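Hi everyone, thanks for coming. I'd like to walk you through a structure that may be new to you, so please have the sequence and the model open as we go.

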Amino acid sequence: MKKYMLLLGLVTFVAAHAQNETVDTSWKKNYRASATKINDLVHTKLEVKFDFSKSYLYGKAWITLHPHFYPTDTLQLDAKGMNINKVAVFANGKYVDLKYSYDSSFLSIKLNKTYKASENYVVFIDYTSKPNELKAKGSAAISDAKGLYFINPKGEEKNKPTEIWTQGETESNSAWFPTIDKPNQKCTEEISMTVPSKYVTLSNGKLISQTKNSNGTRTDHWRMELPHSPYLFFMGIGDYSIVKDSYKGKEVSYYVEKEFAPVARKIFGHTPEMIAFYSRITGVDFPWNKYSQIVGRDYVSGAMENTTSTLHAENAQQDARELIDGNGWEDVIAHELFHQWFGDYVTCESWSNITVNESFADFSETIWNEYKYGKDAGDEVNYRGILSYLSNPENYKKDLVRFYYADKEDVFDQVSYPKGGRILNMLRNYVGDSAFFKSLHLYLTTNKFKNGEAQQLRLAFEEVTGQDLNWYWNQWYYGSGHPKLNISYSYDDATKTAKVIVQQTQTGTIFKLPVAIDIYNGANKTRYKVWAQNAVDTFSFAVAQKPDLINFDGDKILLCEKKENKTLDNYIHQYKYAGLYLDRREAIDFAAKMQADQKALDLLKMALKDKYYGLRIYTLNKVNISVDGVKTQAEPMLEEMAKNDPKSTVRAKAIELLGRYKKDVYRNLFEKATYDSSYSIAGSALEAWSKIDSTGAFNAAKELSKKPSKGKLATAISNVLISFGDETSFDFISDEFEKTPISDAKFQQLQSFSALLAKIKDTDKLKKGVDQIVKFREAIPTAYRSQTDPFINNFLLKGLVTKKEAAGLKEQADYINSKIPAKK
């Protein structure tokens, strides 16, 4: 599952406004064992139909099981918030009622006899699922908890389609069918869905048959012939267009809303190539009989790797203009696809071992970008993962394999995802590509259609490499934190000796780090492989003359924090000759701190022409045009980039910086670029135009507000209308806010939207806007509400109350106050 790290950015932004809470630490004594197997699932057969008016599912389940080892005459199933209408054993064509008890969470059944491990039996259950009436507990109360989602079921919300989709991870599918809802269970399945004929359906496996019914419905029968875990069962229903590709004769399909059908291949079209790439590197050809991807409205977890049927959030649907700036969802597509091997084919045996699912999926984003777009792109994704993990000190306390946690949802974090992905990439660097991917092949084939854990992964690597790798697993998988390195370089001219002193300054574990040290004279590089494994390590090298650069961690692979005593000259040499993405980025960072130095500025100017567009954008973000010399020397380069850089996002950033010059000479450039096909260019240009001609930009914004817009352009239109207009702009800005999915982008709109509401004198409009903010507040997953609610309530809404009271608009102030919950 690709969790929205929306909410990570959002939470970081509002953390200062969070209220203090009493923290329960009792979970630290509660060991999270793998679920005990008393009975094993063998096959699940479901027949379901839907009541859209009540958001109910009416289901019949035939569940085939057998005892795992010991004989048993009882069965306990997970079944959340259901009405149980009938429980029976089905044998010899007959149903025999069984005694049972049900507490709204667990269905405990007394079987008709004692069964042995070799005996299959079939339990039949007639039930009603009522997901919207389910009372969730704990942090699982986030939107994943109810399992089955009816989206706009009565068609009452304009501009939103009616859909049904399911979300099982972690243990929520048992809200719509009874099962043993644990990741260490696997079974085959078949689902018959009866739906209005106008809708299409999607589920795991293949569509076996479709039957038209006399009442305007249709029954679709899907069958999954290979075993997988219950949390990966899926249903998707809606008025979709289906765009089909293929991989080796297997269907590869994309279910999108009809308006996105023309660009579906631009969004998802790399999927067959991804399947081929992942099949090749793992040595395991895509193991399932089809692969479909579907987009669901109001889905806030990013995406979910249901076997053969991945569900994506609506953010995946980008129009042609958005895609000019690049497919912002491609990494998610790659991530979810790799789960078809790591997560679906071999599944974590417990949530404590989620690393064998999520760390691999996170890692896959690095290797896909490296393969498709080059090493710089892969390295950028890898480093982004390092920064994500390092961004929150709370991450440093958590083991990757985590046997103690408050709630199973808690393991879906920056340790299981980006830290775990980086740990795999370091392991790949240490053992080499050939051994790494051969080890993955062994792990997958040994555990196919079964479960895995970190130790089984270690054993696969040890068998391939012939090495004892406990040291690596102990520090990275079963330990927490990361090395903090203080690295100093020196050269003794008398002894012709270069020294590298590496000090590990973190508390606790001293890490064992295999690392490359590169010594440069001119373009010539000599590499030394060493082990840093003590609190202080000193490495000495015979070098005939003082090196131009000594580069610790020459492959730029370590997950660490570091301080180095390199000089500007060292970093200039590093940028020119070391050459990796992070080598150049580190040099840019150093030069950016001393832009008044001409040599540093020359390095930044060189970086503005970097071969990789990601570093050109990064450098643009570092250039400080408030420094006089920088402002003068950068201007012609910015103009050239704004007009001619091959990457639209680079041109957009250059236009944004040119706008800060507030020079009328660029009016024509800004005006023309405002109508560019790229949203990012158009948005940057409109805001730049507004700085030199507010009237012209405002008139353009009014004109553009009548046409479709997204992303940077939509934000720029809103900003210009708010800054230079009045409440006549409300309808456009309100509509933009409403249609923006839950995301960082929507959260960032809050302050500008509330700034507009502060100007509003029309009480009906004010109420509508406040209701939209409240709706957004309530839609944020429960796990984050303790941090977002104080910001929205105490900062935004109470701030509006103060302004309305000062303006004498008591009715408006009272209405806003009524939407602020009383403190408990």
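**A walk through the model**

Let's start with a pair of residues: Ser488 stands opposite Ile501 in strand E24. Before going further, please keep in mind that this is a predicted model.

Now, what lies beyond E24? Strand E27, residues 536–542, runs antiparallel to E24 and is joined to E24 by 7 bridges. If you want a pair to click on, Val502 has Asp537 in E27 as its bridge partner.

Let's move to another sheet. This one is open, with 3 strands in the order E26-E25-E28 and antiparallel pairing. Which strands stand at the edges? They are E26, residues 524–532, and E28, residues 549–552; each has a single partner strand, so one side of each is left without a neighbour in the sheet. On average, neighbouring strands here are turned by 20 degrees against each other, direction ignored. Between E25, residues 513–521, and E26 there are 9 bridges, in the antiparallel sense, and Ile517 has Tyr528 in E26 as its bridge partner. Helix H12, residues 568–578, lies across E25 and E28, at about 70 degrees to E28.

Strand E3, residues 72–78, pairs with strand E7, residues 106–115, in the antiparallel sense over 6 bridges; Asp78 has Phe106 in E7 as its bridge partner. E7 is also joined by 4 bridges to strand E6, residues 99–102, again antiparallel, with Tyr102 opposite Leu107. E6 and E7 form a hairpin with 3 residues between them, and Ser104 in that turn has a positive phi of about 75 degrees.

On to the helices. How do H6 and H8 cross? The axes of H6, residues 355–373, and H8 come within 7 Å and cross at roughly 60 degrees, which makes H6 oblique to H8. The crossing is right-handed. Among the residues making the contact are Phe360, Phe363 and Ile367 of H6, and Tyr417, Pro418 and Leu424 of H8.

H8 turns up again when we look at the inside. The largest nonpolar core has 170 residues, and those touching the most other members are Phe50, Tyr127, Tyr278, Trp341, Tyr477, Val500 and Phe552. The largest share of this core, 7 residues, comes from H8, residues 415–431. There is also a second, separate core of 70 residues, including Val300, Tyr661, Leu669 and Phe776.

Where is Phe449 found? It sits in the loop between helix H9, 433–446, and strand E22, 450–452. Phe449 and Val346 are 103 residues apart in sequence, while their C-alpha atoms are 5.7 Å apart in space.

Definitions and conventions. Residues numbered from 1 in each chain as written. Predicted model: local features only at pLDDT ≥ 70, side-chain atom pairs only at ≥ 80, totals over all residues. Heavy atoms only, no water. Pairing = 2+ DSSP bridges. Helix = DSSP H or I, 4+ residues; strand = E, 2+ residues; numbered from the N terminus. Core = buried A, V, L, I, M, F, W, Y, C linked by side-chain atoms within 4.5 Å. Buried < 20%, exposed > 50% of the residue type's maximum accessible area, 1.4 Å probe, protein only. Axes fitted to C-alpha atoms, helices over the stretch in contact; angles between N-to-C directions. Parallel < 35°, antiparallel > 145°, perpendicular 65-115°, else oblique. Left-handed = near helix turned anticlockwise from the far one by under 90°. Contact = heavy atoms within 4.5 Å.
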